[in-house]
Amino acid sequence: MAYDYDLFVIGAGSGGLAASKIAASYGAKVAIAESDLVGGTCVIRGCVPKKLMVYASHFPSLFESATGYGWQVGKAQLDWEKFITSIDKEVRRLSQLHISLLDKAGVELIPSHATLVDEHTVKVGDRKVTADKILIAVGGEAVKPDLPGMEHAITSREIFHIQSQPKHIAIIGAGYIGTEFACIMRGLGCEVTQIIRKEQILRGFDADIRTQIQEGMVNHGIRIIQNTVVTSVEKVENGLTINLSGEDSEPITADAFLVATGRTPNVEGLGLENAGVDLVTTSLEAPGYKSTNAIAVNEYSQTSQPNIFAVGDVTDRINLTPVAIGEGRSFANSEFGGNRRVFSHENVATAVFSQPEAATVGLTEESAKKQLGEDGVIIYRTRFRPMFYTLPNQEEKTMMKLIVDANTNKVLGAHMVGDYAAEIIQGVAIAVKMGATKKDFDATVGIHPSSAEEFVSMR
Ligand SMILES: Cc1cc2nc3c(=O)[nH]c(=O)nc-3n(C[C@H](O)[C@H](O)[C@H](O)COP(=O)(O)OP(=O)(O)OC[C@H]3O[C@@H](n4cnc5c(N)ncnc54)[C@H](O)[C@@H]3O)c2cc1C
């Protein structure tokens, strides 16, 4: 049977864009549907605008450091409207760039919402089209808990568009999105209260990393309310009252309230049941949330319907842009390039763009000890004040940690909290992915003076 397309991709985000261009480069006839701005979460309302906000939030602390080096710094002030408008402009420029890259690759863009009619048919806008293969790359969306007053809360989708700078922002969520925005807003000069359900932020990260970031955040003036949940939100004359229950149940008043407690795959209304695509249940693990569904896939990102594939956040494996891109590329190379390969989800490096910044690759101390036993692991750790902070006499600390297999000497994990952690760990991740040993690290000559040299001189 002849189909309209060899491949139809639903969702022009990180995974869909990567897969569609590679499939087209092998000569496949490809179309991609997008119901919003081309670029997806990362470009439009995730990594990119967030990182621009991170950069902006660093300036006040840099101005403070500059005085320690003899600079006289005048009174600095943030023009919020200019700041938000500039970010929006950059995001739209990138979206246009992705449209032209699709065009150059010969991928047809259909700017409409798409749903599955059957395993080879997609309804897109008011058309029905057929395709030999279909790739679902619809990503995920932030969800709010089912609590009274949540209509007054914003999510990470809206935070890039708030019209004036809040004086006090309250944030619920201990994950990387809540933590990053707590640091961004604090850096930009807001009063910030972060409400977390347990003792510590960033569950799943190495315990030393969690402690170090949390201490750093508190040092920067962020109030973290531990072991506490939000029960309701009310609009009052001077903003919002956020009612709490737990260790600290004193209500707080803020003028913005960010919910960052979880994201759910965009599977609702997609017509998966029409095409025989199965779901798996995952859990958001937060109060007021129901468990959620992701598309079930095998290691080739193939769903229960053999001609339909899914990549990225909709499969809820590792929800990061480079992973969505890697899964999308592997799919396209396997299905259209005659180069069948599995994307490796092992040793994926990741960063938390908090203040202090953190980055990590490989096993945490806890997971390594669980796998190899207490005596099976050697831990190397260093904590110091980087040279940059000596003249300004600022109390900023960097921490680095290596997790080493006691039997094979292999480095199983590398973790860092401190300036440029993401930039440094990216290089270390290559060594960890290649299976480097601690002896290989020791045999590497450091770059002096730098913080990164500590990774090759820990004894
Ligand atoms: C605030 C925030 C910060 C983040 N920061 C980072 C970071 O620093 N580093 C990092 O690696 N990752 C980060 N992420 C995660 C990253 O953005 C995602 O992992 C990545 O975008 C997933 O790509 P995807 O292709 O699966 O989906 P997406 O990029 O979400 O793309 C899905 C696209 O599908 C479209 N769509 C949905 N349904 C339909 C439909 N039925 N028809 C047509 N189109 C549809 C959507 O509009 C969207 O454009 C962040 C996420 C958020 C929310």
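Tutor: Happy to! One term before we start: a residue is called buried when its relative accessible area is under 20%, exposed when that area is over 50%, and partly exposed in between. Also keep in mind that this is a predicted model.

Student: Okay, got it. How many salt bridges does the structure hold?

Tutor: There are 22 salt bridges in the structure. One of them joins aspartate 36 to arginine 157, and their closest N and O atoms are 3.6 Å apart.

Student: And where do aspartate 36 and arginine 157 sit?

Tutor: Aspartate 36 is in the loop between β2 (30-33) and α2 (40-45), while arginine 157 belongs to helix α5 (residues 156-159), so this pair ties together parts that are 121 residues apart in sequence.

Student: Is arginine 157 buried, exposed or partly exposed?

Tutor: Arginine 157 has a relative accessible area of 28%, so it is partly exposed.

Student: What about glutamate 335, which residue does it meet in a salt bridge?

Tutor: Glutamate 335 meets lysine 133, with 3.5 Å from N to O. This pair links distant parts of the chain, since glutamate 335 is in helix α8 (residues 321-336) and lysine 133 is in strand β6 (residues 127-136), 202 residues apart.

Student: Is lysine 133 buried or exposed?

Tutor: Lysine 133 counts as buried, because its relative accessibility is 17%. Glutamate 335, at 22%, counts as partly exposed.

Student: Which residues are linked in a network of salt bridges?

Tutor: The network links Asp206, Asp208, Glu365, Lys369, Glu374, Arg381 and Lys401. Within it, the side chains of aspartate 208 and arginine 381 form a salt bridge at 2.7 Å, N to O. Aspartate 208 is in helix α7 (residues 207-219) and arginine 381 is in strand β21 (residues 377-384), so that pair also links distant parts of the chain, 173 residues apart. Aspartate 208 is partly exposed at 22%, and arginine 381 is partly exposed at 47%.

Student: Switching to helices. At roughly what angle do the axes of α1 and α8 cross?

Tutor: Helix α1 (residues 14-25) and α8 have axes that cross at roughly 25° and come within 7 Å. That angle makes α1 roughly parallel to α8, and the crossing is right-handed.

Student: Which residues of α1 and α8 meet there?

Tutor: From α1 there are Ser14, Gly15, Ala18, Ala19, Ile22 and Ala23. On the α8 side they meet residues including Ala324, Ile325, Gly328, Phe331 and Phe336. By class, the contact has nine nonpolar, five polar and one charged residues.

Student: Which residue has a positive phi although it is not a glycine?

Tutor: Leucine 202 is one, with phi of about 60°. Leucine 202 lies in the loop between β9 (191-195) and α7 and counts as buried, at 1% relative accessibility. Asparagine 227 also has a positive phi, near 50°. Asparagine 227 is in the loop between β10 (223-225) and β11 (228-236) and, at 24%, counts as partly exposed.

Technical notes
Residues numbered from 1 in each chain as written. Predicted model: local features only at pLDDT ≥ 70, side-chain atom pairs only at ≥ 80, totals over all residues. Heavy atoms only, no water. Salt bridge = Lys/Arg side-chain N within 4 Å of Asp/Glu carboxyl O. Helix = DSSP H or I, 4+ residues; strand = E, 2+ residues; numbered from the N terminus. Buried < 20%, exposed > 50% of the residue type's maximum accessible area, 1.4 Å probe, protein only. Axes fitted to C-alpha atoms, helices over the stretch in contact; angles between N-to-C directions. Parallel < 35°, antiparallel > 145°, perpendicular 65-115°, else oblique. Left-handed = near helix turned anticlockwise from the far one by under 90°. Contact = heavy atoms within 4.5 Å. Nonpolar A, V, L, I, M, F, W, Y, C, P; charged D, E, K, R; others polar.
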